[in-house]
Amino acid sequence: MRGLSAAEVAERVRQGQVNRLPGSKLRDYGRIVARNLFTWFNAMVTPAAIALFYLGDAQAGVAVSAMALINTSISLAQEIRAKYHLDKLAILVETKARVLRDGQIQEIPAGDVVLGDCIETAAGETIVADGPVLESNSLEVDEALLTGESDPVRRNVNDMLLSGSFCVAGEGIYRADKVGREAFANKTSVIARKFHAMASPLTQVINRLVQILSYTAVGLIAMYALAYILDGAPKDNEEKLGLAYLVAATITSMVPQGMVLTATISFSLGALYMSRRGAVVQRLNAVETMAAIDVICTDKTGTLTTNHLKLESVEALDEPAAQARDLLRVFASASLDRRNKNLQAIKTALGETPIKLPSPLGRGVGGEGAPVEVLDQIPFKSQNRYSAVRVRLNGTERVLVLGAAEGLRGRVAKWQNQHKKKKIIEELDRRLPELQRQGLRVLLMAEMEKKQPLADKSVLPEDPLRPLALVCLSDELRPEAGQVLEALAAQGIDFKVVSGDNPETVQGTVSHLNLPLARDPVVTGQELASAPNRAELIRTRSVFGRVAPEQKVEIVETLQKAGCHVAMIGDGVNDVLPIKRADLGIAMGEGSQASKTVSGLVLENNNFALLPETLEEGRTIVRNLRRSAKLFLVKNVYSLILILAYLVGWFGVPFPYFVPQQVTLLNWLVIGIPAFVIAISRERSRAATKPRFLREVGSFALRTGIVFGIVGFAMLLAAGAMSSDDKYRCTMLLSTLILLGITALFRALTDGEPQSNISDRRYRILGLLAIPVYLLAMYWPLARDFFKLHPLGMVDWGMVLMFAGLGYGLSRWSDILTSSAHDSVEKKVQ
């Protein structure tokens, strides 16, 4: 089998018969442009700007259109920048495929596979295209992500493989008969590895708020238009401009134009920041999920430990030590599981034996004339916890088995009973716990005396096994593991070790940690299965050993049902389903291709110490979005109160016809710029963040907006009593709202976060900078004429400060009442 030639590959690429979706990157950029251009705000403000230009007020038209243009330009530039850099970083974790071309195996990105390519697959690898099996060597695939069926399926020659499934045992070659849009994974969107603009739950909430406020603005504008039409009197240009000002002010006041864009940019830049540090974000909504994580489940091997195994010893049982080591070397050389870390450690320590393989799939040492001929085998999979090879060694057929000692103990007991050897089981039961308590991984090598073919078998027959030796492997605990877990605990995050390894080995590993879980008894998979109240056991215990993949899924789902937000860290094929089921799936960079495919976050450089920092980053982003959203929504509430007061005609107060320039000044000084800077800041938030966006932001916006609206209405009454000049009244109200906006910024930094120890000095300085900028706009003649402001005197400023102080005092009082009520509820719950 030679596969495609270079010329055939080039022709298929020219015809577009490749596995990468055509033009996907261009479409991604197109969606970004469309998402930023075609917004509610732009759709509403564009007609208003055109009307202002038409009616002759070019300054107002420029102010309105400039607001939309600047917002759109900034968000476009930031999101495209993030998209560009994330695409470059995504190459680090892109799924790879091994294809046969011109008789040589080449590793290429899965997207570069072409129609008709012959693709090799082995345990831990993702099936990247649909097609028939050409060669199978005990090939088994897991299609749980496609069909929900968790049991691996044996695939023989001519059986079909579907993209999106993954190989769990054996190896094989399949042909890519369906690629790109025709492949099953792309049709059903099972795998999505490129840039994601998929709305997160928080973004969906924000979008919904913007829609509601936009509908409200449309309704108010419709009422203005109806009143204008019913009036019936001829209108001069000034009256038409007044209506245009009213419409523009309503749109710019009621539609929080920057809130959605701020959220999108925050998530994109957060993903970019994490990815540059080595935590590659594969799904944009994973950034938000990080903020809510309060429980982390992790496999032991490759996460808490380095997964750099070392063969410590081979302890002979019913075989001389030298012969036992020779047989172990033969097994490691003959096994299909060449990527298995156990076998790699054995081959590193003992070397390899020349072997003759039965299939061109295997590329081992030797060939014709080799002393060892591989006949058939059962590759390792987590459901069995062992593997077996049948070889012809120097003309003698032997069936060797290597696996978990406790899993093979029953077969060894049968052999002992048959051969009347009383000390084997006793020796096994004595030595095994001793070794495991040292944190060693202990495997049992045995031999099946009854020689029979293993082909087409997924499990060993229940025949007796002669024990040859105990194989002891060490795995170093990551030096930073203790500090990482302590940092996570300080953030209020619980940690559960969920391992398929032997319970004693798991206990021996975690016992080195200076944490409560080190003293927590290990719950075995068997104990979990037989427990009368499994949910309670899962919630209260922290260390689980010898659990099956489906039990890992059960642990994740049970914690989720209890109200926890769960992250799952893993690196192997047996971690794929729990990673997929968790709220946040995290894969290690050295882990299996399949685990990285389904995860939302990949620790590409295997730096476990990045985890606390990464989760803090997610919490920081969501916390800052809450803060910035408060500033946006406060303005919506008090604007609505002032508009309704005008429509109802309370006290005969006319609506302050803010010209668009003034609304732009208000938005940028105390809302837009501070909110944007807050949203993209990197200061850490260490406290776990629950998904309570609407409750916190809504409470702050309602009570603050109502206070500001009432104070603003009172200011209009007072200003109207002092002067009938519209420019004077608007300036007095605008000055009061800017000062109140600064106080809202200060309060938004701490509201709902009484335990935050983060310095907010830079944001307070940013808020105070609004004052000299506003004074410059008021007293510099050129700026004053553009913004149509009335220069205020000392008496006027005294009145503004009095009303602003009253508004601040009332809003702080509402903060205290809300905090007291919240504390009372918390005490009752406890």
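**Close-up views of a predicted model**

**View A. Gln491 and its polar contact with Pro612.** The side chain of Gln491 reaches the backbone oxygen of Pro612 at 3.4 Å, where a polar contact is a pair of N or O atoms within 3.5 Å, within protein one able to donate a hydrogen and the other to accept it, and residues adjacent in sequence count only if both atoms are side-chain atoms. This is a predicted model, in which local features need pLDDT of at least 70 and side-chain atom pairs count only at pLDDT 80 or more, while totals for chains, interfaces and linings use all residues. Residues are numbered from 1 along each chain as its sequence is written, and side-chain values use heavy atoms, with hydrogens and water left out. Gln491 is found in the loop between helix 16 (481–490) and strand 17 (494–498); helices (H or I, at least four residues) and strands (E, at least two) are DSSP runs, numbered from the N terminus. At 2% relative accessibility Gln491 counts as buried, a term for under 20% relative accessible area, with exposed over 50% and partly exposed in between (1.4 Å probe, protein chains only).

**View B. Phe495 in the largest nonpolar core.** This core has 129 residues, and those with the most contacts inside it are Ile296, Leu488, Phe495 and Tyr774; a nonpolar core is a set of buried Ala, Val, Leu, Ile, Met, Phe, Trp, Tyr and Cys residues joined through side-chain atoms within 4.5 Å. Its largest share, 16 residues, comes from helix 23 (residues 610–648). Leaving aside neighbours within four places in sequence, Phe495 is in contact (heavy atoms within 4.5 Å) with residues including Ile296, Leu304, Leu488 and Phe608.

View C. Strand 17 and strand 19 (residues 543–545) pair in the parallel sense over two bridges, and the bridge partner of Val498 in strand 19 is Phe544.

**View D. Helix 3 and the glycine that follows.** Helix 3 (residues 40–54) has 15 residues and reaches 22 Å from its first C-alpha to its last, close to the 21 Å expected at 1.5 Å a residue, the expected span being 1.5 Å times one less than the number of residues. Among its buried residues are Phe41, Met44, Val45 and Leu52, and helix 3 is followed by Gly56, whose phi is positive, near 100°.

Terms used:
Pairing = 2+ DSSP bridges.
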